[in-house]
Amino acid sequence: MHTAAVDAEHEYVYEDDFDGNSFDDTSAEKYTDMAAGKKRNSIMSQESEFEIDDQLYSDDDGTDAYNDYTLVEPLSTVSARELNQGTVPNLKYECLTAQSIFEKMVERVNHLKLIFNICTEDLLSLMQHFDWNEERLLESWTDKMDDLLVEIGLKNASETVSGTQIDASNGTETARTLNFRNNFSCMICCEEKTTNTFSLECGHEYCIDCYRHYVNDKLNSGNIISCIGCSLALKNDDIDKITGSPSSKKLMMSSIKSFVQKHNKNYRWCPFTDCNYIIHLKDTSSLDEYARLHYSPFVKCSDSHRFCFSCAFEIHAPADCNVTALWVNKSRKESANLNWVLSNTKECPKCSVNIEKDGGCNHMVCSGCKYEFCWICERDWTPHGKSFYQCTLYKSDDDKKNAKTSLEVAAKTLKKYTFYYKMFNAQEESAKLDWTLGQAVGAKVRLLQEKMGVSWIEGQFLAESVRTLYEGRTALKWSFAVAYYSDASHNLTKIFVDNQSLLSAAVEDLSELLEIKEPAKIMDRKTDFYNKAGYVENRTSALIECGRDLLCKGICKPV
Amino acid sequence: MSRAKRIMKEMQAVKDDPEAHITLEFVNESDIHHLKGTFQGPPETPYDRGQFVVDIEVPMEYPFKPPKMKFDTKVYHPNVSSVTGAICLDILKNAWSPVITLKSALISLQALLQSPEPNDPQDAEVAQHYLKDRESFNKTAALWTKLYASSGVAANGSVEESELYGIDADIVQEFESQGFAKDKIIEVLRRLGIKKLDPNDNNSVNRVLEELLK
């Protein structure tokens with residue numbers, strides 16, 4: 001956890017640079033000077049931060065200081081960090097499951113039960129019908145109680161008419177139970193057979209096979225299931241009886257699903273595959289205001305999946321929802337199949353052997369000719385290594401000067417887009433591989449425990465590093481979307497691009513560190529892990545903040 | 001297997017009730033999933049005396065899933081596509097229930113011809129016509145019935161295209177005299193939903209001209 005002091009200092013460095021640039025709006029050379037100066041500054045601040053970081057870590061034994069910061073901690077200590085992540089500060093939300101939503105619903109229904117003289121289940125159906133709006137239900141209830149019950153199918157229409165009462169009671173003897181019948185002719189399947197049948201009080205009787213088929217078809221709709229022949233509703237008990245399994249649970253789940261989808265302003269499913277958590281945001285009133293400042297409401301479910309509540313996409317800082325949507329749309333349209341070809345294999349620039357990237361780091365060593373090169377630009381690695389990483393800058397010096405005809409402009413735009421898309425894609429692929437790396441880290445930690453006698457908590461720095469790496473990569477990835485839509489000639493864009501290279505270098509460094517396999521070596525370089533991860537974290541924040549600045553100042557104009 | 005039995009039984013039920021003037025036949029005896037149904041246009045509507053053929057595709061999950069129906073006969077109706085014959089009717093979609101039969105579905109189509117739902121249209125152009133000028137709509141629908149849905153009198157082939165879409169022949173002629181192609185005029189008028197035009201209504205005339213010159 002960073003103290004406010006560090007963040008303030010960092011911001012100062014950034015602001016300083018920015019101010020310097022904007023006052024000095026004349027020569028391009030100066031910008032590069034400033035940028036270089038900035039690099040030096042960053043290195044300085046990087047080192048000072050490390051000390052503080054180390055102290056902090058040893059202070060609280062590296063416990064999970066980040067856990068639930070969004071929920072638990074008061075604004076004063078959190079906001080600085082949160083703002084740096086491009087998320088709406090002090091976002092109040094809860095993480096629910098379908099079951100807990102259902103329990104809440106039952107709770108509400110139990111309150112209402114005193115007013116309505118009907119059973120919980122019927123009341124649930126009523127509430128469902130009225131979209132969980134108690135006032136509307138109460139209003140209609142006082143007006144036309146009987147009509148309502150018939151409409152929803154809780155009551156047979158004929159029951160309200162006196163005189164048919166006898167018929168109805170006649171039916172109820174066999175209603176809502178399975179009846180065994182000889183030579184029953186079912187009008188749905190038109191078979192005559194000896195079978196179980198089912199019917200409600202309405203007397204519409206069908207064979208159990210047809211009924212089961214019918215009910216199973218309707219389970220996913222989330223609506224109340226009625227009798228095949230009329231609108232009388234089946235209750236959960238009936239559904240279980242018909243299907244012979246607790247299928248009504250499935251119906252309940254699907255009705256909650258449709259509830260969540262209907263109330264998508266406040267509720268959202270975690271978009272991660274197979275994750276069943278639901279985020280409930282109680283107060284959405286401030287979101288618009290924050291969206292104007294290009295903050296996005298990033299949330300985290302109980303499974304630690306982080307995503308944007310507004311657009312249900314992964315964390316996309318420094319891009320905002322708008323840039324994200326445009327970018328995703330564009331990449332879907334323009335490069336549906338470019339995608340795989342670009343991202344999966346490359347030829348070694350020296351010996352032309354086909355190489356598939358299977359680790360997160362962009363520093364490639366050809367297994368055949370041992371040539372070291374950069375995965376992104378396919379050039380020699382040496383200039384990348386110690387000096388700053390050069391692969392993020394799209395050279396657009398004379399972009400506009402030379403583009404004379406619209407055709408040329410179009411070709412240039414496509415070229416520019418392809419460049420940024422490639423970068424974006426490369427980071428995405430790397431992030432995916434990092435994710436796999438993350439899965440392997442658990443095993444590594446265990447290895448540390450066994451071989452080195454390291455305590456579990458002490459080994460957590462590895463998991464922390466992987467997480468930081470992943471976050472860094474994600475920010476870097478989305479920064480290319482921001483860069484694509486930004487005015488390349490503006491100072492701030494140049495600073496942004498510098499920030500990209502710095503983070504890029506930091507990320508590659510950390511990624512390389514995580515490739516180490518021997519436990520002893522890992523423990524030897526523990527401080528390295530701390531240092532590099534801390535640096536990545538700071539660079540990520542800086543990049544996100546700078547990206548938001550681009551958006552706020554209108555230099556990044558998504559069109 | 002129950003599907004085959006049910007389809008056979010439904011066909012028998014149609015045969016047993018000649019009063020309804022509904023027929024149901026397999027297109028091909030070896031394929032029980034593809035049928036053609038016919039019914040008569042409801043009296044006192046522009047569809048009176050028409051014989052309407054419906055293409056029916058029975059899905060594997062029948063009767064738990066609705067059959068796919070579309071008009072083979074061209075019909076001028078807000079809820080039927082004038083091009084493909086696709087039908088917009090709730091019981092053929094989410095309101096389907098296994099107790100509905102092919103026969104009752106055909107009867108529902110008959111009822112749909114009787115009382116269109118222009119607010120939930122399949123064919124927007126036709127629906128607009130229906131809402132704006134009922135009399136002209138009825139004329140066009142009756143013409144279509146006569147042309148496409150009458151078995152006895154085969155189409156003369158001499159029907160003006162403008163009449164087919166209920167467009168006033170005079171305005172087509174007016175624009176033709178200005179040197180525009182007939183096809184184009186009719187296409188534009190259909191697109192703009194204009195069936196009649198007052199030559200003094202400069203706004204509308206200009207709008208048509210603008211489109212014609214595009």
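Predicted model: local features only at pLDDT ≥ 70, side-chain atom pairs only at ≥ 80, totals over all residues.
Taking contact to mean heavy atoms within 4.5 Å, 12 residues of chain B touch 14 residues of chain A.

Chain B itself runs to 214 residues, and 46% of them count as buried. There are eight helices and four strands in this chain, and the order along the sequence goes α-β-β-β-β-α-α-α-α-α-α-α. So much for the layout; as for who touches whom inside chain B, take the contacts with a separation of 6 or more: 53% of them come from residues 24 or more positions apart.

Now for the interface. Between them, chain B and chain A bury about 1,100 Å², and carbon and sulfur atoms make up 62% of that area. On the chain B side, the residues losing the most area to chain A are B:Lys5, B:Phe64 and B:Val99, which together supply 47% of what that side buries.

Two salt bridges are counted between chain B and chain A. In one salt bridge, the side chain of B:Lys65 meets that of A:Asp217, at 4.0 Å from N to O. Three residue pairs are in polar contact across the interface of chain B and chain A, both partners being at pLDDT 80 or more. Sorted by type, the chain B residues that touch chain A come out as six nonpolar, two polar and four charged.

How values were computed:
Residues numbered from 1 in each chain as written. Chains lettered and ligands numbered in written order. Heavy atoms only, no water. Buried area = accessible area lost by both parts, 1.4 Å probe. Polar contact = N/O pair within 3.5 Å; in protein donor to acceptor, adjacent residues only side chain to side chain. Nonpolar A, V, L, I, M, F, W, Y, C, P; charged D, E, K, R; others polar. Helix = DSSP H or I, 4+ residues; strand = E, 2+ residues; numbered from the N terminus. Buried < 20%, exposed > 50% of the residue type's maximum accessible area, 1.4 Å probe, protein only.
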